[in-house]
Amino acid sequence: MSQDCLFCKITAGEIPSKKVYEDADFYAFHDINPAAPVHILLVPKKHVISMQHVDDSDAAWLGKMMVLATKIAHENGCRPGPEGGFRLVANSGVEGGQEIDHLHLHILGGARPWAKRAAPAA
Ligand code: 5GP
Ligand code: ZN
C-alpha cells in the first residue's frame with residue numbers, strides 16, 4: 001500500500017466507494033464521474049503504478065485481471081455477445097492520460113450513446 005495513493009485508500013476501505021467486486025487480489029468500484037452507462041474501475045490491491053511498471057513476473061495476475069474484467073462487465077450491465085460488449089482502457093503515464101497513479105482498468109459499456117467526456121475513451 002502506498003500512503004498517499006487514492007486507490008490504495010479506496011481498496012483498503014479508508015475512502016468510501018461503490019464496490020461491485022472484491023477478492024484477495026482485486027477490487028472493483030463505480031467511477032465517480034462515469035463516461036458511459038457502465039463505468040467501473042478494476043484495480044489490483046497491490047500498488048502498481050501503471051502498465052509501464054509491469055514485466056514478465058506480472059503476467060499471471062494481469063491475465064486474471066483481464067478475465068475478471070469480462071466477468072464484472074457481464075455481471076454489471078454490459079450485454080454479452082457481439083451486439084453488446086464493452087471497452088477496456090488502461091491509461092498509462094501522462095501522455096496516456098493517466099490521472100491516478102495506481103494501475104486500473106476502466107470497464108466501459110452499456111447502451112449507446114455514451115457521454116461526450118472522452119478521457120478514458122480517447
Ligand atoms: P485515469 O485518468 O487515471 O485513467 O482515471 C482515473 C479515474 O478515476 C477517472 O475516470 C475518475 O473519474 C476516477 N476517480 C477519481 N477520483 C475518484 C474517486 O475518489 N472515486 C471514484 N470512484 N473514482 C474516482
Ligand atoms: Zn495505490
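This is a predicted model: local features need pLDDT of at least 70, side-chain atom pairs count only at pLDDT 80 or more; totals for chains, interfaces and linings use all residues.
View 1. The buried residues of helix 2 are Trp61, Leu62, Met65, Leu68, Ala69, Ile72 and Ala73. Because they cover an arc of only 135 degrees around the axis, these residues lie on the same side of helix 2. Ala60, Lys64 and Val67 are exposed, on the face turned away from the buried side.

**View 2. Span and end of helix 2.** Helix 2 comprises 17 residues, 59–75. The distance from its first C-alpha to its last is 25 Å, close to the 24 Å expected at 1.5 Å a residue. Gly77 follows helix 2 and has a positive phi, near 110 degrees.

View 3. The strands form an open sheet in the order 1-2-3-5-4, with antiparallel pairing. Strand 1 and strand 4 each have a single partner strand and stand at the edges, so one side of each is left without a neighbour in the sheet. On average, neighbouring strands of this sheet are turned by 20 degrees against each other, direction ignored.

**View 4. Pairing of strand 4 with strand 5.** Four bridges join strand 4 and strand 5 in the antiparallel sense. Arg87 has Leu108 of strand 5 as its bridge partner.

Key:
Residues are numbered from 1 along each chain as its sequence is written. Chains are lettered from A and ligands numbered from 1 in the order in which they are written. Side-chain values use heavy atoms; hydrogens and water are left out. Helices (H or I, at least four residues) and strands (E, at least two) are DSSP runs, numbered from the N terminus. The expected span of a helix is 1.5 Å times one less than its number of residues. Buried means under 20% relative accessible area, exposed over 50%, partly exposed in between (1.4 Å probe, protein chains only). The arc is that of the directions from the helix axis to the C-beta atoms. Two strands pair if DSSP finds at least two bridges between them. Axes are lines fitted to C-alpha atoms, for helices over the stretch in contact, and angles run from 0 to 180 degrees between N-to-C directions.
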